[in-house]
Amino acid sequence: MAKGLFPVDKLKSIQTPFYYYDTELLRQTLRKINEEANKHEGFVVHYAIKANANPKILRIIREAGLGADCVSGGEIDASMKAGFPSGKIVFAGVGKSDWEINLGLDYDIFCFNVESIPELEVINELAAAKGKTARVAFRLNPNVGAHTHANITTGLAENKFGIAMQDMEKVIEEAEHLANVKFVGLHFHIGSQILDMGDFEALCNRVNELQDQLEKHHIRVEHINVGGGLGIDYEHPNRLSIPDFKAYFDTYAKKLKLRSGQTLHFELGRAVVAQCGSLITKTLYIKEGALKKFAIVDAGFTDLIRPALYQAYHKIENIMSEETKEAYDVVGPICESTDVFAKQIDLNKTKRGDLLAIRSAGAYGEIMASQYNCRKLPIGYMSDEI
Ligand SMILES: *Cc1c(COP(=O)(O)O)cnc(C)c1O
(Lines give C-alpha, C1' and ligand atoms only; values in the text may rest on other atoms or scores of the structure.)
Protein backbone atom coordinates (compact mmCIF):
# COMPACT_ATOMS: atom_id res chain seq x y z
CA MET A 1 0.00 0.00 0.00
CA ALA A 2 1.35 3.38 -1.01
CA LYS A 3 -0.40 5.15 1.85
CA GLY A 4 2.24 6.02 4.41
CA LEU A 5 5.02 6.51 1.88
CA PHE A 6 3.83 10.00 1.12
CA PRO A 7 3.14 12.92 3.49
CA VAL A 8 -0.42 13.18 2.18
CA ASP A 9 -1.52 15.98 4.50
CA LYS A 10 1.26 18.20 3.24
CA LEU A 11 0.84 17.20 -0.39
CA LYS A 12 -2.89 17.97 -0.25
CA SER A 13 -2.19 21.67 0.21
CA ILE A 14 0.01 21.98 -2.90
CA GLN A 15 -1.42 22.94 -6.29
CA THR A 16 -1.42 19.85 -8.54
CA PRO A 17 0.08 18.50 -10.72
CA PHE A 18 3.60 18.66 -9.31
CA TYR A 19 6.72 16.57 -8.88
CA TYR A 20 7.62 15.30 -5.44
CA TYR A 21 11.21 14.21 -4.84
CA ASP A 22 12.29 11.99 -1.96
CA THR A 23 15.66 13.59 -1.22
CA GLU A 24 16.55 10.95 1.37
CA LEU A 25 16.20 8.23 -1.27
CA LEU A 26 18.29 10.31 -3.69
CA ARG A 27 21.04 10.66 -1.08
CA GLN A 28 20.95 6.93 -0.29
CA THR A 29 21.19 6.17 -4.01
CA LEU A 30 24.21 8.45 -4.37
CA ARG A 31 25.91 6.86 -1.37
CA LYS A 32 25.41 3.44 -2.94
CA ILE A 33 26.82 4.64 -6.27
CA ASN A 34 29.93 6.03 -4.56
CA GLU A 35 30.34 2.96 -2.39
CA GLU A 36 30.19 0.54 -5.34
CA ALA A 37 32.21 2.66 -7.81
CA ASN A 38 34.95 3.38 -5.27
CA LYS A 39 35.63 -0.33 -4.90
CA HIS A 40 37.29 -0.16 -8.30
CA GLU A 41 40.38 1.82 -9.08
CA GLY A 42 40.03 4.53 -11.70
CA PHE A 43 36.22 4.57 -11.84
CA VAL A 44 34.75 8.08 -12.23
CA VAL A 45 31.00 8.70 -12.19
CA HIS A 46 29.24 11.58 -13.90
CA TYR A 47 25.56 12.41 -13.74
CA ALA A 48 23.74 12.86 -17.06
CA ILE A 49 22.10 16.26 -16.52
CA LYS A 50 19.47 15.60 -19.17
CA ALA A 51 17.63 13.13 -16.91
CA ASN A 52 16.66 15.87 -14.45
CA ALA A 53 18.11 19.39 -14.19
CA ASN A 54 16.04 20.63 -11.26
CA PRO A 55 18.57 22.94 -9.48
CA LYS A 56 17.93 21.37 -6.08
CA ILE A 57 18.44 17.86 -7.45
CA LEU A 58 21.64 19.00 -9.16
CA ARG A 59 22.96 20.48 -5.95
CA ILE A 60 22.47 17.21 -4.05
CA ILE A 61 24.21 15.26 -6.81
CA ARG A 62 27.10 17.72 -6.95
CA GLU A 63 27.49 17.47 -3.16
CA ALA A 64 27.94 13.71 -3.60
CA GLY A 65 30.95 14.45 -5.80
CA LEU A 66 29.71 13.25 -9.18
CA GLY A 67 30.79 14.99 -12.38
CA ALA A 68 28.34 16.35 -14.96
CA ASP A 69 27.59 14.92 -18.39
CA CYS A 70 26.06 17.64 -20.56
CA VAL A 71 24.47 17.52 -24.00
CA SER A 72 23.88 21.25 -24.54
CA GLY A 73 25.17 24.69 -23.60
CA GLY A 74 22.13 25.13 -21.39
CA GLU A 75 23.13 22.03 -19.44
CA ILE A 76 26.70 23.34 -19.07
CA ASP A 77 25.23 26.54 -17.61
CA ALA A 78 22.93 24.56 -15.30
CA SER A 79 25.89 22.47 -14.08
CA MET A 80 28.05 25.51 -13.43
CA LYS A 81 25.18 27.18 -11.54
CA ALA A 82 24.78 24.07 -9.41
CA GLY A 83 28.47 24.27 -8.55
CA PHE A 84 29.89 21.35 -10.53
CA PRO A 85 33.61 22.06 -11.07
CA SER A 86 34.22 22.73 -14.77
CA GLY A 87 37.01 20.15 -14.66
CA LYS A 88 34.34 17.50 -14.06
CA ILE A 89 32.11 18.48 -16.99
CA VAL A 90 31.96 16.42 -20.17
CA PHE A 91 30.06 17.66 -23.21
CA ALA A 92 28.48 15.24 -25.69
CA GLY A 93 25.97 15.67 -28.49
CA VAL A 94 25.83 15.13 -32.23
CA GLY A 95 25.01 18.75 -33.06
CA LYS A 96 26.98 21.20 -30.94
CA SER A 97 26.48 24.86 -31.94
CA ASP A 98 29.41 27.26 -32.07
CA TRP A 99 28.20 29.18 -29.01
CA GLU A 100 27.97 25.92 -27.07
CA ILE A 101 31.51 24.92 -28.02
CA ASN A 102 32.72 28.41 -27.08
CA LEU A 103 30.99 28.12 -23.72
CA GLY A 104 32.76 24.81 -23.06
CA LEU A 105 36.08 26.38 -24.08
CA ASP A 106 35.54 29.44 -21.86
CA TYR A 107 34.87 27.20 -18.88
CA ASP A 108 37.78 24.88 -19.72
CA ILE A 109 35.56 21.82 -19.37
CA PHE A 110 37.16 18.44 -18.91
CA CYS A 111 36.34 17.02 -22.32
CA PHE A 112 34.32 17.37 -25.52
CA ASN A 113 32.88 14.07 -26.71
CA VAL A 114 33.19 14.52 -30.45
CA GLU A 115 30.87 12.77 -32.89
CA SER A 116 32.29 13.66 -36.34
CA ILE A 117 35.36 15.02 -38.15
CA PRO A 118 33.61 18.26 -39.18
CA GLU A 119 32.81 18.86 -35.52
CA LEU A 120 36.43 18.17 -34.57
CA GLU A 121 37.60 20.76 -37.10
CA VAL A 122 35.19 23.38 -35.76
CA ILE A 123 36.30 22.76 -32.16
CA ASN A 124 39.93 23.11 -33.28
CA GLU A 125 39.15 26.38 -35.06
CA LEU A 126 37.20 27.88 -32.17
CA ALA A 127 39.85 26.78 -29.66
CA ALA A 128 42.58 28.34 -31.85
CA ALA A 129 40.67 31.66 -31.87
CA LYS A 130 40.84 31.64 -28.07
CA GLY A 131 44.42 30.44 -27.92
CA LYS A 132 43.28 27.29 -26.13
CA THR A 133 43.57 23.55 -26.52
CA ALA A 134 40.38 21.53 -26.21
CA ARG A 135 40.52 18.04 -24.75
CA VAL A 136 38.51 15.72 -26.97
CA ALA A 137 37.26 12.16 -26.81
CA PHE A 138 35.75 10.40 -29.78
CA ARG A 139 32.31 8.95 -29.42
CA LEU A 140 32.43 5.68 -31.28
CA ASN A 141 29.37 3.82 -32.40
CA PRO A 142 30.17 0.32 -31.14
CA ASN A 143 27.35 -1.34 -33.09
CA VAL A 144 26.19 -3.04 -29.92
CA GLY A 145 22.45 -3.52 -29.54
CA ALA A 146 20.70 -3.05 -26.23
CA HIS A 147 17.61 -4.94 -25.20
CA THR A 148 15.52 -1.86 -24.66
CA HIS A 149 12.91 0.23 -26.47
CA ALA A 150 13.89 0.98 -30.10
CA ASN A 151 13.58 4.74 -29.51
CA ILE A 152 16.23 4.68 -26.79
CA THR A 153 18.87 2.44 -28.33
CA THR A 154 21.78 4.54 -29.56
CA GLY A 155 24.72 2.23 -30.21
CA LEU A 156 23.70 0.58 -33.48
CA ALA A 157 25.35 1.38 -36.81
CA GLU A 158 22.00 2.72 -38.07
CA ASN A 159 21.71 5.34 -35.28
CA LYS A 160 22.80 8.95 -35.83
CA PHE A 161 25.21 8.91 -32.89
CA GLY A 162 28.97 8.59 -32.89
CA ILE A 163 31.72 7.78 -35.35
CA ALA A 164 31.89 4.39 -37.09
CA MET A 165 34.43 2.04 -35.54
CA GLN A 166 36.33 1.55 -38.78
CA ASP A 167 37.04 5.32 -38.79
CA MET A 168 38.57 5.29 -35.31
CA GLU A 169 42.21 5.45 -36.34
CA LYS A 170 41.50 8.01 -39.04
CA VAL A 171 39.89 10.46 -36.59
CA ILE A 172 42.60 9.97 -33.98
CA GLU A 173 45.22 10.66 -36.61
CA GLU A 174 43.27 13.71 -37.74
CA ALA A 175 43.23 15.02 -34.16
CA GLU A 176 46.97 14.60 -33.94
CA HIS A 177 47.40 16.92 -36.91
CA LEU A 178 45.28 19.64 -35.39
CA ALA A 179 47.13 22.02 -33.08
CA ASN A 180 44.29 23.07 -30.79
CA VAL A 181 42.72 19.77 -29.83
CA LYS A 182 44.19 17.07 -27.66
CA PHE A 183 42.92 13.51 -28.01
CA VAL A 184 42.35 12.08 -24.54
CA GLY A 185 39.78 9.35 -24.78
CA LEU A 186 37.11 7.17 -26.29
CA HIS A 187 33.42 7.52 -25.54
CA PHE A 188 30.50 5.12 -25.93
CA HIS A 189 26.83 5.04 -24.99
CA ILE A 190 24.64 2.18 -26.15
CA GLY A 191 21.21 3.20 -24.94
CA SER A 192 18.97 3.62 -21.95
CA GLN A 193 16.85 1.54 -19.53
CA ILE A 194 19.21 -1.43 -19.91
CA LEU A 195 18.71 -4.17 -17.33
CA ASP A 196 20.58 -7.01 -19.00
CA MET A 197 24.21 -6.90 -17.82
CA GLY A 198 25.01 -8.89 -20.97
CA ASP A 199 24.49 -5.72 -23.02
CA PHE A 200 27.15 -3.89 -21.01
CA GLU A 201 29.36 -6.96 -21.27
CA ALA A 202 29.05 -6.80 -25.07
CA LEU A 203 30.20 -3.18 -24.90
CA CYS A 204 33.18 -4.19 -22.74
CA ASN A 205 34.20 -6.82 -25.28
CA ARG A 206 34.00 -4.25 -28.06
CA VAL A 207 36.09 -1.74 -26.09
CA ASN A 208 38.69 -4.45 -25.44
CA GLU A 209 38.93 -5.22 -29.17
CA LEU A 210 39.30 -1.55 -30.05
CA GLN A 211 41.98 -1.04 -27.40
CA ASP A 212 43.93 -4.02 -28.75
CA GLN A 213 43.71 -2.51 -32.21
CA LEU A 214 44.97 0.86 -30.97
CA GLU A 215 47.85 -0.71 -29.10
CA LYS A 216 49.10 -2.22 -32.32
CA HIS A 217 49.40 1.34 -33.61
CA HIS A 218 51.01 2.49 -30.34
CA ILE A 219 48.08 4.78 -29.61
CA ARG A 220 47.45 5.36 -25.91
CA VAL A 221 44.10 6.38 -24.53
CA GLU A 222 43.91 8.10 -21.13
CA HIS A 223 40.18 7.85 -20.57
CA ILE A 224 37.49 5.38 -21.52
CA ASN A 225 33.92 6.62 -21.12
CA VAL A 226 31.21 3.98 -21.36
CA GLY A 227 28.21 6.31 -21.05
CA GLY A 228 25.16 5.46 -18.99
CA GLY A 229 22.06 3.41 -19.59
CA LEU A 230 21.55 1.40 -16.41
CA GLY A 231 17.82 0.80 -16.08
CA ILE A 232 15.48 0.82 -13.12
CA ASP A 233 12.55 -1.34 -12.02
CA TYR A 234 9.44 0.58 -13.03
CA GLU A 235 7.22 -2.27 -11.80
CA HIS A 236 8.52 -2.28 -8.22
CA PRO A 237 9.51 1.24 -7.16
CA ASN A 238 9.08 0.35 -3.49
CA ARG A 239 10.84 -3.00 -3.42
CA LEU A 240 13.73 -2.03 -5.70
CA SER A 241 14.12 1.66 -5.07
CA ILE A 242 17.92 1.58 -5.52
CA PRO A 243 19.19 0.02 -8.77
CA ASP A 244 21.76 -2.76 -8.70
CA PHE A 245 24.88 -0.60 -8.94
CA LYS A 246 27.01 -3.45 -7.60
CA ALA A 247 26.18 -5.70 -10.55
CA TYR A 248 26.67 -2.77 -12.93
CA PHE A 249 30.11 -1.64 -11.76
CA ASP A 250 31.28 -5.21 -11.12
CA THR A 251 30.43 -6.10 -14.73
CA TYR A 252 32.74 -3.37 -16.00
CA ALA A 253 35.43 -4.22 -13.45
CA LYS A 254 35.42 -7.85 -14.53
CA LYS A 255 34.94 -7.51 -18.27
CA LEU A 256 36.62 -4.29 -19.36
CA LYS A 257 40.39 -4.56 -19.48
CA LEU A 258 41.61 -1.17 -18.31
CA ARG A 259 45.24 -0.44 -19.16
CA SER A 260 47.42 0.85 -16.36
CA GLY A 261 46.75 4.47 -15.47
CA GLN A 262 43.51 4.58 -17.43
CA THR A 263 40.33 5.94 -15.90
CA LEU A 264 36.90 4.54 -16.66
CA HIS A 265 34.10 7.12 -16.80
CA PHE A 266 30.37 6.49 -16.42
CA GLU A 267 27.47 8.79 -17.23
CA LEU A 268 24.42 7.65 -15.32
CA GLY A 269 21.14 9.51 -15.58
CA ARG A 270 18.00 7.49 -15.06
CA ALA A 271 19.47 5.14 -12.46
CA VAL A 272 20.42 8.11 -10.25
CA VAL A 273 17.15 10.03 -10.15
CA ALA A 274 14.21 8.02 -11.51
CA GLN A 275 13.04 6.31 -8.34
CA CYS A 276 13.20 9.38 -6.11
CA GLY A 277 10.55 11.27 -8.09
CA SER A 278 6.77 10.93 -8.36
CA LEU A 279 4.32 13.01 -10.33
CA ILE A 280 1.45 13.87 -7.98
CA THR A 281 -1.86 14.50 -9.70
CA LYS A 282 -5.43 15.06 -8.56
CA THR A 283 -8.39 13.04 -9.76
CA LEU A 284 -10.84 15.42 -11.43
CA TYR A 285 -13.59 13.06 -12.51
CA ILE A 286 -14.46 9.40 -12.57
CA LYS A 287 -16.20 8.74 -15.84
CA GLU A 288 -18.07 5.49 -16.26
CA GLY A 289 -17.82 4.59 -19.94
CA ALA A 290 -19.82 1.87 -21.64
CA LEU A 291 -16.91 -0.55 -21.39
CA LYS A 292 -14.68 0.81 -18.66
CA LYS A 293 -14.04 3.41 -16.03
CA PHE A 294 -11.79 6.39 -16.59
CA ALA A 295 -9.97 8.27 -13.88
CA ILE A 296 -9.47 11.70 -15.44
CA VAL A 297 -6.59 13.46 -13.72
CA ASP A 298 -5.15 16.98 -13.89
CA ALA A 299 -1.68 15.88 -15.11
CA GLY A 300 -1.15 15.22 -18.79
CA PHE A 301 1.62 14.29 -21.15
CA THR A 302 2.79 17.87 -20.90
CA ASP A 303 3.91 16.96 -17.36
CA LEU A 304 5.17 13.42 -18.05
CA ILE A 305 5.54 12.42 -21.68
CA ARG A 306 7.17 8.99 -21.33
CA PRO A 307 3.96 6.93 -21.60
CA ALA A 308 2.88 8.82 -24.73
CA LEU A 309 6.38 8.89 -26.26
CA TYR A 310 7.73 5.42 -25.46
CA GLN A 311 4.65 3.50 -24.30
CA ALA A 312 6.48 3.57 -20.98
CA TYR A 313 4.97 1.93 -17.92
CA HIS A 314 4.77 3.87 -14.66
CA LYS A 315 3.22 2.37 -11.57
CA ILE A 316 0.30 4.48 -10.37
CA GLU A 317 -1.02 4.50 -6.82
CA ASN A 318 -3.92 6.21 -5.13
CA ILE A 319 -2.26 7.66 -2.02
CA MET A 320 -5.55 8.55 -0.32
CA SER A 321 -7.68 5.45 -0.63
CA GLU A 322 -7.56 2.04 0.98
CA GLU A 323 -10.81 0.78 -0.52
CA THR A 324 -10.91 -2.34 -2.68
CA LYS A 325 -9.20 -2.20 -6.04
CA GLU A 326 -11.01 -1.49 -9.26
CA ALA A 327 -9.81 -1.22 -12.86
CA TYR A 328 -9.33 2.21 -14.40
CA ASP A 329 -7.84 3.89 -17.42
CA VAL A 330 -5.90 6.85 -16.04
CA VAL A 331 -6.04 9.68 -18.56
CA GLY A 332 -5.06 13.34 -18.71
CA PRO A 333 -6.87 16.44 -19.95
CA ILE A 334 -4.79 17.14 -23.09
CA CYS A 335 -6.61 17.14 -26.42
CA GLU A 336 -4.72 14.16 -27.83
CA SER A 337 -5.70 10.48 -27.74
CA THR A 338 -2.19 9.54 -26.59
CA ASP A 339 -2.70 11.44 -23.34
CA VAL A 340 -3.09 8.23 -21.37
CA PHE A 341 -0.94 7.26 -18.37
CA ALA A 342 -2.20 3.69 -18.05
CA LYS A 343 -4.95 1.42 -19.28
CA GLN A 344 -6.94 -1.00 -17.15
CA ILE A 345 -4.80 -0.81 -14.04
CA ASP A 346 -5.99 -1.62 -10.55
CA LEU A 347 -6.31 1.32 -8.19
CA ASN A 348 -7.87 1.47 -4.76
CA LYS A 349 -11.38 2.77 -5.45
CA THR A 350 -10.83 6.33 -6.58
CA LYS A 351 -13.03 9.38 -6.25
CA ARG A 352 -12.86 13.03 -7.26
CA GLY A 353 -10.16 14.82 -5.28
CA ASP A 354 -7.98 11.77 -4.58
CA LEU A 355 -4.28 12.26 -5.18
CA LEU A 356 -2.53 9.72 -7.38
CA ALA A 357 1.24 9.20 -7.41
CA ILE A 358 2.74 8.32 -10.78
CA ARG A 359 5.90 6.61 -9.61
CA SER A 360 9.49 6.35 -10.89
CA ALA A 361 9.13 9.71 -12.62
CA GLY A 362 12.31 11.42 -11.40
CA ALA A 363 14.12 10.87 -14.70
CA TYR A 364 12.97 12.28 -18.06
CA GLY A 365 9.86 13.64 -16.33
CA GLU A 366 9.96 17.24 -15.14
CA ILE A 367 12.75 18.09 -17.58
CA MET A 368 10.67 16.98 -20.60
CA ALA A 369 7.60 18.96 -19.59
CA SER A 370 6.06 21.30 -22.17
CA GLN A 371 3.49 24.06 -22.23
CA TYR A 372 1.30 22.59 -24.96
CA ASN A 373 -2.32 23.70 -24.49
CA CYS A 374 -0.85 26.77 -22.67
CA ARG A 375 -0.42 24.68 -19.55
CA LYS A 376 1.85 25.66 -16.68
CA LEU A 377 5.09 23.76 -16.20
CA PRO A 378 4.96 21.47 -13.16
CA ILE A 379 6.95 22.54 -10.09
CA GLY A 380 9.30 20.14 -8.31
CA TYR A 381 9.12 19.97 -4.49
CA MET A 382 11.73 18.33 -2.27
CA SER A 383 10.60 16.08 0.61
CA ASP A 384 12.86 17.89 3.06
CA GLU A 385 11.45 21.30 2.17
CA ILE A 386 7.70 20.91 2.40
C1 LIG B 1 21.32 10.09 -22.18
C2 LIG B 1 22.75 9.86 -22.06
C3 LIG B 1 23.27 9.32 -20.89
C4 LIG B 1 22.42 8.88 -19.73
O5 LIG B 1 21.57 7.83 -20.04
P6 LIG B 1 20.74 7.10 -18.88
O7 LIG B 1 20.04 6.01 -19.60
O8 LIG B 1 19.79 8.09 -18.31
O9 LIG B 1 21.70 6.60 -17.86
C10 LIG B 1 24.64 9.17 -20.82
N11 LIG B 1 25.45 9.54 -21.84
C12 LIG B 1 24.98 10.07 -22.98
C13 LIG B 1 25.92 10.46 -24.04
C14 LIG B 1 23.62 10.26 -23.13
O15 LIG B 1 23.15 10.78 -24.27
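Let me begin with the strands, where β12, covering residues 293-297, pairs with β14, covering residues 325-331, in the parallel sense and over three bridges. Within that pairing, Ile296 stands opposite Val331 of β14. Please keep in mind throughout that what we are looking at is a predicted model.

Strand β14 also has a partner in β15, residues 340-348, and here six bridges join the two strands, which run antiparallel.

Helix α2 spans residues 23-37, and its axis comes within 10 Å of the axis of α3, with the two crossing at roughly 30°. Angles under 35 degrees count as roughly parallel, and α2 and α3 are therefore roughly parallel to each other. The crossing in which α2 passes α3 is right-handed. On the α2 side the contact is made by Thr23, Leu26, Arg27 and Leu30, and on the α3 side by Ile57, Ile60, Ile61 and Glu63. Sorted by class, this contact between α2 and α3 has five nonpolar residues, one polar residue and two charged residues.

The second pair is α4, residues 73-81, with α5, residues 98-106, whose axes come within 9 Å and cross at roughly 30°. That angle makes α4 roughly parallel to α5, and the crossing of these two helices is left-handed. Here Gly73, Gly74, Ile76 and Asp77 of α4 meet Trp99, Glu100, Leu103 and Gly104 of α5. By class, the contact of α4 with α5 has three nonpolar, three polar and two charged residues.

Counted by class, the contact of α6 with α7 has four nonpolar and three charged residues, and no polar ones.

How many salt bridges does a search of the whole structure find? The answer is 24, and I would like to show you one of them, in which the side chains of Lys56 and Glu385 meet at 3.0 Å, N to O. This pair links distant parts of the chain, since Lys56 sits in helix α3, residues 55-63, while Glu385 sits in the segment after β17 (379-382), and the two are 329 residues apart.

Which peptide bond is cis, with omega near -10°? It is the bond from Thr16 to Pro17, and Pro17 lies in the loop between α1 (8-11) and β1 (18-21). The other position is His218, a residue other than glycine, whose phi is positive, near 55°. When you go to find His218 in the structure, look in the loop between α8 (197-216) and β9 (223-225).

Definitions and conventions:
Residues numbered from 1 in each chain as written. Predicted model: local features only at pLDDT ≥ 70, side-chain atom pairs only at ≥ 80, totals over all residues. Heavy atoms only, no water. Nonpolar A, V, L, I, M, F, W, Y, C, P; charged D, E, K, R; others polar. Pairing = 2+ DSSP bridges. Helix = DSSP H or I, 4+ residues; strand = E, 2+ residues; numbered from the N terminus. Salt bridge = Lys/Arg side-chain N within 4 Å of Asp/Glu carboxyl O. Axes fitted to C-alpha atoms, helices over the stretch in contact; angles between N-to-C directions. Parallel < 35°, antiparallel > 145°, perpendicular 65-115°, else oblique. Left-handed = near helix turned anticlockwise from the far one by under 90°. Contact = heavy atoms within 4.5 Å.
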